[in-house]
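Grab a pencil and let's work through a few exercises together. Each one has a task, then a solution in steps.

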Amino acid sequence: DVLAIVHGILQHVDVGVDWVSVTFRGGRTYTYRAIDNGQAIINEMRRKAVAGLGLSRYILRNKAKLKFV
């Protein structure tokens, strides 16, 4: 697991090989999985999470097509 340092609307991000879990300010947690979204999308989200830059923007721009549990 890699914990990303987050700013803005994200409170906490945790990543695994095939998932990204995001807790937004306000407490809601969403887990985005490769089985639901495809590994390429999860890899992009992981890259942004580890870099600490762009994940919240990515989620907001793609929220209509991203699936979460």
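Predicted model: local features only at pLDDT ≥ 70, side-chain atom pairs only at ≥ 80, totals over all residues.

**Exercise 1.** In the hairpin of β3 and β4, which residue takes a positive phi?

Residues are numbered from 1 along each chain as its sequence is written, and side-chain values use heavy atoms, with hydrogens and water left out.

*Solution.* Step 1: find the strands (DSSP runs of E, at least two residues, numbered from the N terminus): β3 covers residues 19-24 and β4 covers 29-33. Step 2: look at the four residues between them; glycine 26 has the positive phi, near 105 degrees.

**Exercise 2.** Sort the side chains of β4 by face.

*Solution.* Step 1: Tyr30 and Tyr32 share one face and are buried (under 20% relative accessible area; exposed is over 50%, partly exposed in between, with a 1.4 Å probe and protein chains only).

**Exercise 3.** Is arginine 46 buried or partly exposed, and what does its side chain reach?

*Solution.* Step 1: arginine 46 sits in helix α2, residues 39-51 (a helix is an H or I run of at least four residues). Step 2: its relative accessibility is 28%, so arginine 46 is partly exposed. Step 3: its side chain reaches the backbone oxygen of glycine 16 at 3.0 Å.

Technical notes: Polar contact = N/O pair within 3.5 Å; in protein donor to acceptor, adjacent residues only side chain to side chain. Pairing = 2+ DSSP bridges.
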